[in-house]
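I looked up salt bridges, cores, helix packing and backbone angles in turn.

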Amino acid sequence: MTTIADQSRQGSESSRRDIRDEVDEDLRADVRLLGSLLGRVLTESGGEGLLDDVEKLRALTIDAYERENNASIEDAEELVDSFTPARAEQVARAFTCYFHLSNLAEEHHRVRVLRARDAVGEAAPADSLPAAIERLVAEVGTDETAERLRRLRFHPVLTAHPTEARRRAVASGIRRISELLGERDVTQPGTNAAAENDRRLLEEIDVLWRTSPLRTTRPTPLDEVRTAMNIFDQTLFQIVPRVYRLLDDWLLGNDAGAKPVEAPAFMRLGSWIGADRDGNPFVTAAVTKTAAAIASEHILLGLEHAATRIGRTLTLDSADTPPDARLLALWERQRNFAGEVTAQIGTRAPNEPHRRVLLVIAERITATRLRNADLAYAKPEELLDDLRIIQGSLRSAGAMRSANGELQNLIWQVETFGFHLAELEVRQHSKVHRQALAEIRSGGELSDMTTEVLDVYRTISFLQERYGLNVSRRYIVSFTQSSADLANVYALAEAAMGSAEAAPILDAVPLFETFDDLQASTTILAEMIELPAVKARLAATGRKLEVMLGYSDSSKDVGPVSATLALYSAQSKIAQWARDNDIELTLFHGRGGALGRGGGPANEAVLAQPPGSVEGRFKLTEQGEVIFAQYGDKTIAARHIEQMAAATLLASSPANEEENRQATDDFAAVASTMDVRSRERFYELIKSDGFAPWFAEVTPLEEVGLLALGSRPARRGLSIESLEDLRAIPWVFAWTQARINLTGWFGLGSALAAVGDEAVLRDAYARWPLFTAMINNVEMSLAKTDDRLAQRYLALGDRADLAELVLDEMRITREWVQRTTGHSELLEGRPVLRRAVRLRSPYVDALSLLQLRALKSVRASGSTDPADAPHQLLLLAVNGVAAGLQNTG
């Protein structure tokens with residue numbers, strides 16, 4: 001398949017030369033190499049005929065895309081229809097494999113660029129922590145900046161929302177190919193090593209080709225937990241202290257390592273995986289208990305190995321590095337309760353007091369993991385105390401570099417992850433709580449549902465006793481509609497444990513998701529803080545309170561424009577309410593990877609938050625494919641964490657807050673006009689009679705539900721009669737697959753047209769961060785749409801009125817977005833992204849045509865058998881389109 005990746009041999013070479021010139025030669029070479037190796041694999045597997053069919057379809061979709069040639073798209077459609085079922089599946093898999101290889105080449109190149117930037121000592125980019133700190137110092141001074149840095153908190157929460165379309169086997173194969181590509185960067189061409197690298201690449205690409213991209217069974221919640229643990233083991237455990245270290249090196253300059261660190265452990269990790277039971281009957285109390293045990297096992301193993309490794313290297317002799325009194329006292333305590341262990345270690349290291357104490361600590365971490373009560377630590381704070389005694393003794397003896405080096409990394413890891421790794425945040429729907437409590441109060445026999453609800457509280461109590469308070473104390477209430485929904489959390493805890501005194505310590509977190517609930521948020525919060533249980537928690541925590549905001553359901557409720565504006569307004573009101581009530585507020589953003597779920601560049605979104613709503617604390621969900629994109633590679637993970645931390649610091653800078661405040665005031669009328677008109681337009685579509693069944697007909701909605709993406713069901717009911725039956729993820733996923741991306745932009749064009757003044761809109765685009773982010777995100781979403789393919793999907797339904805409404809709004813939105821930005825084409829101001837979209841789109845078109853063939857066949861036959869040929873082709877194409885667009889749900 002040389003030509004599928006070799007841009008220099010495409011038939012429309014002249015029209016693509018400008019795009020090619022924007023591609024770095026190293027990246028172009030990688031894609032060419034991987035494409036040629038895939039071509040060899042396809043030829044070996046399916047003969048020249050398979051490669052010829054792939055090439056014919058590729059050439060036609062390229063011509064159709066580049067020249068907007070309707071004849072070519074029709075020819076491509078005719079070619080797809082001519083394939084046998086077996087050939088159609090092979091071609092779909094070939095394009096999907098190509099996208100996996102292209103994606104890993106782009107990721108590899110991104111890593112290469114980041115490393116090259118470090119190697120040549122480029123100035124810190126504007127979105128780095130050093131740049132953010134310098135800007136803060138200029139605005140608020142050194143002391144205030146240091147205090148803000150001390151309070152900094154970035155808190156990602158991993159979720160198992162089913163938006164990762166790749167099998168774990170496929171992801172593992174891609175990672176192996178990526179490692180081989182990295183080896184190639186340091187291998188001399190023409191050598192035996194290069195030949196061996198070629199052979200191994202071919203072997204791995206052949207495995208990727210022969211590995212079914214479709215899961216045969218749905219993952220269980222515990223499968224999802226173990227998948228997330230791979231990310232922790234491969235990247236997060238090592239990369240988090242590295243990010244702190246890079247910051248500390250910059251803060252201390254030449255004194256780095258010779259002075260105590262100044263960089264705080266500013267990251268905390270949360271997880272819903274194995275704890276989020278809202279709509280997922282497979283997440284039980286037993287699953288939550290096991291999920292906590294798995295996570296604890298991983299972090300304690302990591303700490304155990306790190307402590308052992310550092311202990312073995314801490315061979316400082318007591319003659320040169322004498323222990324202080326606190327270290328000697330610690331050693332005596334260790335000898336008292338761990339005589340056998342200390343005798344063995346003392347024999348090996350008689351004159352190395354720091355080493356022997358740390359090796360005993362490593363043994364105690366092992367005992368904690370194995371639940372050996374005689375040696376185990378009761379809580380991570382005890383471990384931190386011991387580590388700081390070693391550190392203090394080293395500093396007293398003048399061994400500053402040993403005190404502030406690897407030992408400090410270990411301290412940072414304990415501060416960040418504790419013994420639990422990530423806090424398990426339980427989430428449940430308010431309706432379930434109401435039903436359970438009503439059952440309990442009726443005095444009758446309890447249903448299985450209510451028994452399970454009570455078991456969750458008992459599990460939380462057990463986990464807190466076993467792993468400490470921070471293992472699980474936040475309890476999120478979906479669809480919070482009144483303060484009673486929060487009071488129910490504490491009432492159920494009391495019912496489960498027999499008394500309020502025996503109940504686990506809980507912080508109930510309201511989740512405001514719908515437009516109406518966002519509007520009522522401060523009224524609900526005012527009543528909430530008067531609840532006795534909440535009053536007690538505020539007193540215990542220094543008046544800390546967390547509030548969660550739902551992006552996906554609010555967007556499905558009123559459309560993306562009104563949802564964005566409503567969320568901004570709600571945050572402003574909640575932040576002001578918190579200040580008025582002396583509350584230290586943390587807003588938890590339920591953002592998703594796709595634009596319809598609050599996606600887009602997260603660091604830009606942070607800077608566009610309302611004044612007073614961040615205050616150095618930013619918490620958000622990281623879900624589905626976003627987890628692997630952001631944290632799957634160490635270099636990229638470090639960059640992402642740094643960008644988010646920098647944005648969190650800068651969001652509350654006086655200049656940034658004033659910019660947002662002024663823009664909000666200046667463009668209030670624009671916002672009001674856009675809100676009213678966009679919502680009218682959105683309702684015109686979704687409130688039409690029969691809209692929900694029509695939506696299911698013109699998109700692969702039902703078939704997306706057949707993909708074994710995650711453990712959570714795709715919908716709440718048995719059929720789709722209204723949008724309330726549908727979860728936000730398949731709502732977004734299905735429109736994306738149909739190449740319409742409606743959830744990211746619908747209503748914006750009419751809203752902009754209602755404002756009507758291009759000068760005002762361009763001024764807003766230049767000065768209003770929220771509006772700028774909205775337009776930029778919609779511009780990207782529109783760039784991934786395709787009118788001709790959208791028409792073919794919409795034609796699957798029998799509602800010409802709704803189809804025309806969608807296409808008309810798409811046209812209006814494109815026109816007014818370009819008027820607003822002043823660009824002659826979409827993404828003109830972001831050439832790298834424009835290049836990526838334009839290079840990929842024709843290949844995605846090929847998969848979309850294959851998907852359309854399958855959809856037509858499924859609709860015509862009425863088959864519901866996921867194992868038949870049309871369904872298999874459809875699911876293969878869904879998987880490939882997700883890989884090509886790099887957006888799912």
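**Entry 1: salt bridges**

I began with the charged pairs and counted 62 salt bridges, a salt bridge being a side-chain nitrogen of Lys or Arg within 4 Å of a carboxyl oxygen of Asp or Glu. The model is a predicted one, in which local features need pLDDT of at least 70 and side-chain atom pairs count only at pLDDT 80 or more, while totals for chains, interfaces and linings use all residues. Residues are numbered from 1 along each chain as its sequence is written, and side-chain values use heavy atoms, with hydrogens and water left out.

I looked up Arg335 and found a salt bridge with Glu332, with the closest N and O atoms 3.2 Å apart. The two are three residues apart in helix α12 (residues 325-337), so about one helical turn separates them. Helices (H or I, at least four residues) and strands (E, at least two) are DSSP runs, numbered from the N terminus. Arg335 is partly exposed at a relative accessible area of 43%, and Glu332 is partly exposed at 37%. For these classes, buried means under 20% relative accessible area, exposed over 50% and partly exposed in between, with a 1.4 Å probe and protein chains only.

I then turned to Glu546, which forms a salt bridge with Lys619 at 2.6 Å between the closest N and O atoms. Glu546 belongs to strand β7 (residues 544-550) and Lys619 to strand β9 (residues 617-623), so this pair ties together parts that are 73 residues apart in sequence. Glu546 is buried, with a relative accessible area of 9%, and Lys619 is buried at 1%.

A further salt bridge joins the side chains of Glu697 and Arg859 (3.5 Å, N to O). Since Glu697 is in helix α31 (residues 691-698) and Arg859 in helix α40 (residues 831-861), the pair ties together parts that are 162 residues apart in sequence. Glu697 is partly exposed at 32% relative accessibility, and Arg859 is partly exposed at 23%.

I also noted a network of salt bridges that links Arg681, Glu684, Glu758, Arg762, Asp808, Glu809, Arg811, Glu815 and Arg819.

**Entry 2: nonpolar cores**

Which residues have the most contacts inside the largest nonpolar core? I found Leu236, Phe266, Leu358 and Ile641, in a core of 142 residues. A nonpolar core is a set of buried Ala, Val, Leu, Ile, Met, Phe, Trp, Tyr and Cys residues joined through side-chain atoms within 4.5 Å. Helix α10 (residues 221-252) supplies the largest share of this core, 13 residues. Apart from this core lies another, of 118 residues, which includes Leu50, Leu180, Ala734 and Leu789.

I listed the contacts of Phe266 (heavy atoms within 4.5 Å). Leaving aside neighbours within four places in sequence, Phe266 touches Leu129, Leu152, Arg153, Phe154, Val243, Tyr244, Leu247, Ile641 and Ala645.

**Entry 3: helices**

I examined helix α6 (residues 129-140) against helix α28 (residues 634-651): they pack at an angle of about 10 degrees, with their axes 8 Å apart. This makes α6 roughly parallel to α28, a class for angles under 35 degrees. Axes are lines fitted to C-alpha atoms, for helices over the stretch in contact, and angles run from 0 to 180 degrees between N-to-C directions. From α6, Leu129, Pro130, Ala132, Ile133, Arg135 and Leu136 meet Glu642, Ala645, Ala646, Leu649 and Leu650 of α28.

I also checked α31, where six of the eight residues are buried: Phe691, Ala692, Trp694, Phe695, Ala696 and Val698.

**Entry 4: loops and positive phi**

Where does Ile740 lie? I located Ile740 in the loop between α33 (728-737) and α34 (742-745), buried with a relative accessible area of 0%. Val806 is 66 residues away along the chain, yet the two C-alpha atoms are separated by 8.7 Å. Beyond neighbours within four places in sequence, Ile740 is in contact with Trp735, Trp745, Thr785, Ala790, Leu794, Val806 and Met810.

Most residues other than glycine have a negative phi. I recorded a positive phi for Asn741, near 55 degrees; Asn741 lies in the loop between α33 and α34 and is buried at 7%. Asp582 has a positive phi of about 55 degrees; Asp582 is found in the loop between α25 (560-580) and β8 (584-590) and counts as exposed at 58% relative accessibility.

Conventions: Parallel < 35°, antiparallel > 145°, perpendicular 65-115°, else oblique.
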